[in-house]
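Hi there,

Please have a look at it before you read on.

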Amino acid sequence: MSNVLIIGAGGVGRVVTHKCAQLPEVFSQICLASRTVSRCEQIASELSREIRTEQVDADNVPELVALIRKNEPKVVVNVALPYQDLTIMDACLETGVDYVDTANYEPLDTAKFEYKWQWAYQDRFKEAGLMALLGSGFDPGVTNVFCAHAQKHLFDQIDTIDILDCNDGDHGYPFATNFNPEINIREVSANGRYWEAGEWKETKPMEHRWDFDYPEVGVRPSYLMYHEEMESLCQNIPGLKRIRFWMTFGEAYLTHLNCLVNVGMTSIEPVGFNGQEIVPLQFLKAVLPDPASLGPRTKGKTCIGCLVDGTKDGKRRKAFIHNSCDHQECFRETNAQAVSYTTGVPAMIGAKQILEGTWRKPGVWNMEQLNPDPFMADLTQFGLPWKVVEMDPEKPD
Ligand code: NDP
């Protein structure tokens, strides 16, 4: 029935491949391609069915076009890095194939966290009758779908949304990042930003703290950050008054990060060293543990959700829609920890919705623009069950 091409054999690529391989009735033939083919072969060796593996430089459009023509997929799942989004979208347009990713495009030289480059493809995808599904990970991704579910089923009017992301996993290292260190550190060392009364308000990194009581985890300090799903949600949830994003960080993580920022190791400006130019953040990535190696060591849970405040049937309502995942359980199933798992499962589900036609719609779309119901049902079925906890709307946060 179909054929999927997965690009990127990191932590997330491993989970997408495992999950697609579990569903042969939807993903009849799978090809996994990445810069380092041995990583694809390693993942292929973990599966109980045959898949193809290929080497590709996803920065190179002609190489991607040749790969797509050779494998003839119906959908490409891009779980390489955000730097490759546009080249892969270009190759999909040239070959007439649908596209899914989990993170917005980033230019190499500036950290922007903006959708504008990808939204600019809207007309080209529409005219070609192709679909690009943007941000089909957990956050962005499931968080957008949680908001669409709240809008459709739980509220008549949504006033505020707080997205809360807790990773309570412990990998035993003094400092490591759970996903690509370049992307992770760029995200957390940037200024915070939230949207209120129609405009963006900027904060210093880690300026605002909220000790939130996460179900299945407990009270954890959470810090206000900018996160990309807010850019589309503030436009697509009618009448929204405020949206913020919070992420938990342990004390050891913040102490190390502050030191790395202060000595210049998180900079993306190239510096000369022994006659060659190096980007400090890229060098830092090379000395930190590979996120893929954290899987067997990580214990504990994640809890990510949307705290939504608004009205239903004339009464105030506040609800926390969330999922909680256990790192060790994720590892037993896919050889990857929960951060990769919570991203890879929704990427598989996004591709599934497109292949089955439930979400297929020409154009470039963010997740909340599509019907949340089939996606929410698949979350429960394929490893990310969710719950809605009613909260007291009169109790201050
Ligand atoms: P990793 O760094 O573990 O893996 C990235 C993979 O992409 C590596 O295998 C790498 O190859 C490959 N790659 C990098 N550049 C190229 C290239 N030019 N051509 C071909 N392959 C390339 O990252 P993760 O798996 O942790 O993350 C994957 C994506 O998921 C990222 O975009 C990240 O931002 C996103 N993400 C989204 C989340 C969400 O909730 N929405 C959460 C977490 C991550 P090599 O092995 O050779 O280095």
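The chain splits into domain 1 (3–134) and domain 2 (142–336 + 386–391), with bounds that come from an automatic or database domain assignment. Please keep in mind that this is a predicted model, in which local features need pLDDT of at least 70 and side-chain atom pairs count only at pLDDT 80 or more, while totals for chains, interfaces and linings use all residues. Residues are numbered from 1 along each chain as its sequence is written, and side-chain values use heavy atoms, with hydrogens and water left out.

Taken over C-alpha atoms, the centres of domain 1 and domain 2 are 24 Å apart. Domain 1 puts 25 residues into the contact and domain 2 puts in 19 residues, where contact means heavy atoms within 4.5 Å. About 1800 Å² is buried between domain 1 and domain 2, and carbon and sulfur atoms give 51% of that area. Buried area here is the accessible area (1.4 Å probe) that two parts lose on being put together, summed over both.

The rule finds 2 salt bridges across this interface, a salt bridge being a side-chain nitrogen of Lys or Arg within 4 Å of a carboxyl oxygen of Asp or Glu. Asp290 also forms a salt bridge with Arg39, with 3.3 Å between the closest N and O atoms. On the side of domain 1 that touches domain 2, helix H1 (residues 11–21) gives the most, with 5 residues. Helices are DSSP runs of H or I with at least four residues, and strands are runs of E with at least two, numbered from the N terminus.

Now for the ligand. Which residues come nearest to it? Of the 28 residues around the ligand, they are Val12, Arg35, Thr36, Ala58 and Thr102; a residue counts as near if one of its heavy atoms lies within 4 Å. An oxygen atom of the ligand is 3.2 Å from a polar backbone atom of Ala9. For Ser34, a side-chain N or O atom is 3.3 Å from a ligand oxygen.

Asp139 has a polar backbone atom 3.0 Å from an oxygen atom of the ligand, and the peptide bond from Asp139 to Pro140 is cis, with omega near 10°. Pro140 sits in the loop between strand E6 (131–134) and helix H7 (142–154).

Best wishes

Definitions and conventions: A polar contact is a pair of N or O atoms within 3.5 Å; within protein, one must be able to donate a hydrogen and the other to accept it, and residues adjacent in sequence count only if both atoms are side-chain atoms.
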